[in-house]
Amino acid sequence: MEARILWADDEIDLLKPHILFLQEKGFEIDTVNNGADAVEMSQEHHYDIIFLDENMPGLTGLETLAKIKQINQNVPIIMITKSEEEHIMEEAIGGQISDYLIKPVNPNQILLSLKKNLDSKDLVSQKNTSDYQMEFRQIGMQLNDRLDADEWAQIYDKLVKWELRFENSTDAGMKEVFLMQKKEANTQFCKFVDKNYRSWLNGDEDAPLLSHQLLEKKLMSHLGQEPCFLIVIDNLRYDQWMMLKPLLSEFYNVDKEELFYSILPTATHYARNALFAGMMPLEIEKKFPDLWLNENDEGGKNMHEKEFLEANLKRHGKHIKMSYNKVVKLDFAKKLVDRFNELLQNDLNVIVYNFVDMLSHARTEMEVIKELADDEAAYRSLTRSWFNHSPLKEIFKKIAEKKIKTFITTDHGTIRVDNPVKVLGDKNTNTNLRYKVGRNLNYNEKEVLISSNPEDIMLPKENVSSQFIFSKENDFFAYPNNYNYYVNYYKDTFQHGGVSLEEMIIPWIELSAK
């Protein structure tokens, strides 16, 4: 049986041909000729969908709709009426109808409405499967080509959009095929980065836009012409941006949506300092020896972003009035909303919002967050839910009301790790799970990307024998001591610092208010 339908109409006898048509299609149909009986039948039976005439004696269609929704909030209801009056349509829509049909209706209209409300998930899933089967071959062939950095960004863009399309798919087999192709893409991407990253830092004409070049290339030309906001949401992946995009579309037009590359390590200490300073970490250390802190130095490693940004602006001749605010606690975000008008006096307002980074760390530390975000789809959903109820959304709304140009970006992404890779290091080795820096590191060379001389990739070198290693794809570093506990604790958590599509290819967004 396709589905069980309740059809309420005071002229139900005249609808006999329609009912026979649907019964031939496999639907089971109960009929009543008034609203009171429709409410009673809804209490006694489960219906997959209800057809409801708007103009019935006794309880009207709208009154019946309200009573049925009290009994079963989730049952789809299709309102059928002779009236095209706007206020009736508005009341019906406000009453949470699923569709609205004007009499006289024909059987195909009814069938289309049923499919839209009962079979839409399956139909969308079938269409996604069919479309992806065609693109699967094309992406597969591209992965075997010699792609440049821009083409890798295009591949990642495609994969993210396919992942979002498959999120609610009922085709488990095709989801598995997609995940295998995504894994293969990451494998090939890591080889690509290993081969080309050093040349990017030495003026390769095919180099992508990197963290330390971003503000010069994308922001500086806008400064001084009009006030603007730069919102840096820490640890924001491209797929997470795609979750926020519909929520911001209420206030903004998306003028540009581009992808650029985070430097290595894809960690806040390196990538965000580079972004604001407009320099690679090695250059920052030489230019600001009193401000840059290496791994083993005491103190916060991102305490001087404002100073780095001010120097960057001055170097580019931008003598403007600027504010810099870093949000790490909810109370501060609320206070920022309250004093929003103060920000309007500035040419540039920079807001660094750390919530997504805190979310990834909280997911590691707190079991309840692990349960709420136990896979990629849930992680995206949690990001969307947070933003929808956050002070940051209120800040965006206020900026849009003032018609101020707005930019969104991030410092790096994050990846869900599930494959432990053993590494040994001395007591001074850093604790990050996706990259290690230190002396006397012991590892399997096939499992990591190596920089034996950090200065080759523009990173500070604390001592003569320091080296960096980076984990690849969905790997994470684990020490042999207490290995099982360590692996169980960190497996299936979201980490950053290494080499993957998710960590390195990140968004730059330009918005204008509607």
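Visitor: How much space lies in the largest cavity?

Guide: Rolling a probe the size of a water molecule over the atoms shows where empty space is left. In this predicted model, the largest cavity holds about 80 Å³ of space, and the structure has four cavities of 30 Å³ or more.

Visitor: Which residues line the largest cavity, and which element gives the most to that lining?

Guide: The lining is made up of Val193, Asp194, Tyr197, Arg198, Leu264, Leu449, Ile450, Ser451, Ile457 and Phe470. Helix α8 (172–200) gives the most, with four residues, while α8 and β14 (448–451) each supply at least two residues of the lining.

Visitor: How should I read a salt bridge here, and how many does the structure hold?

Guide: A salt bridge is counted where a side-chain nitrogen of Lys or Arg comes within 4 Å of a carboxyl oxygen of Asp or Glu. The structure holds 26 salt bridges. One of them joins Glu163 to Lys182, with the closest N and O atoms 2.9 Å apart. This pair links distant parts of the chain, since Glu163 belongs to helix α7 (residues 149–166) and Lys182 to helix α8, 19 residues apart.

Visitor: Where on the surface does negative charge gather, and which residues form the patch?

Guide: For such a patch, Asp and Glu count as negative, and the residues joined in it form no salt bridge. Here the surface patch of negative charge brings together Asp145, Asp148, Asp150, Glu151, Glu205 and Asp206. Among these residues, Asp206 is placed in the loop between α8 and α9 (214–218).

Note on methods: Residues numbered from 1 in each chain as written. Predicted model: local features only at pLDDT ≥ 70, side-chain atom pairs only at ≥ 80, totals over all residues. Heavy atoms only, no water. Patch = residues over 30% accessible without salt bridge, like charges linked within 9 Å, V, L, I, M, F, W, Y side chains within 5 Å. Areas by Shrake-Rupley, 256 points an atom, 1.4 Å probe, with all protein chains shown as cover. Charge placed at Lys NZ, Arg CZ, Asp CG, Glu CD. 1 Å grid on protein atoms, 1.4 Å probe; cavity = no way out; pocket = protein on both sides within 12 Å on 5 of 7 lines; lining within 4 Å. Points joined across faces, edges and corners; volume = space filled by probe spheres on them.
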